[in-house]
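Work through the exercises below with the model open. Each task is followed by a solution in steps.

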Amino acid sequence: MGTDASDMMFRCQKEFGVRLTRADLSELLMKRKVTDPPDGVWTDIQVRDVVKWIENSLKNQEIQYEGDIFSGVQKVLMECLAADETEVVLDAWLVRDLGAE
């Protein structure tokens, strides 16, 4: 996961008004390192991991987000990955299911 992960991070910052760093993103990817990643990548994360990351970041930065966090993450992923709303579900994997690179 490279360019798509960075794009997702920047779009999440804009959507949620939260500060996210590359170190935060790296930590998320390392914590969720899977034992059977898809060919050509070293890890994969689920949509639920991104939602939890945003929830924790908002809480740590004491930011109130009035909308539904999953819906915001779903919107971001649909935009960055050209995915359909029905594909972006909590259990979807970013690389395996949504085609992130």
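**Exercise 1.** Determine the handedness of the crossing of α1 and α3, and classify the angle between these helices.

Solution. The crossing of α1 and α3 is right-handed; that is, the near helix is turned clockwise from the far one by less than a right angle, anticlockwise being left-handed. Next, take the geometry: α1 (residues 3-16) packs on α3 at an angle of about 50 degrees, and their axes are 12 Å apart. Axes are lines fitted to C-alpha atoms, for helices over the stretch in contact, and angles run from 0 to 180 degrees between N-to-C directions. Angles under 35 degrees count as roughly parallel, over 145 as roughly antiparallel, 65 to 115 as roughly perpendicular and the rest as oblique. α1 and α3 are therefore oblique to each other.

The model is predicted: local features need pLDDT of at least 70 and side-chain atom pairs pLDDT 80 or more, while totals for chains, interfaces and linings use all residues. Residues are numbered from 1 along each chain as its sequence is written, and side-chain values use heavy atoms, without hydrogens and water.

**Exercise 2.** State how many helices and strands the chain has.

Solution. Helices (H or I, at least four residues) and strands (E, at least two) are DSSP runs, numbered from the N terminus. The chain has four helices and zero strands, in the order α-α-α-α from the N terminus.

**Exercise 3.** Which residues lie nearest the centre of the largest pocket, and which elements line it?

Solution. A pocket is an open set of points on a 1 Å grid over the protein atoms alone where a 1.4 Å probe fits, with protein on both sides within 12 Å along at least five of seven lines; lining residues have an atom within 4 Å of a point. Of the 12 lining residues, D24, E27, K31, W53 and N56 lie nearest the centre. Two or more residues each come from α2 (22-31) and α3 (47-60), with α3 giving the largest share, six residues. The space in the largest pocket is about 290 Å³.

**Exercise 4.** Where do E62 and A82 lie, and are they buried or exposed?

Solution. Buried means under 20% relative accessible area, exposed over 50%, and partly exposed in between (1.4 Å probe, protein chains only). E62 is in the loop between α3 and α4 (69-81); its relative accessibility is 72%, so E62 counts as exposed. A82 is in the segment after α4 and, at 71%, also counts as exposed. Phi is positive in both: near 55 degrees for E62 and near 50 degrees for A82. Most residues other than glycine have a negative phi.

Definitions and conventions
Points joined across faces, edges and corners; volume = space filled by probe spheres on them.
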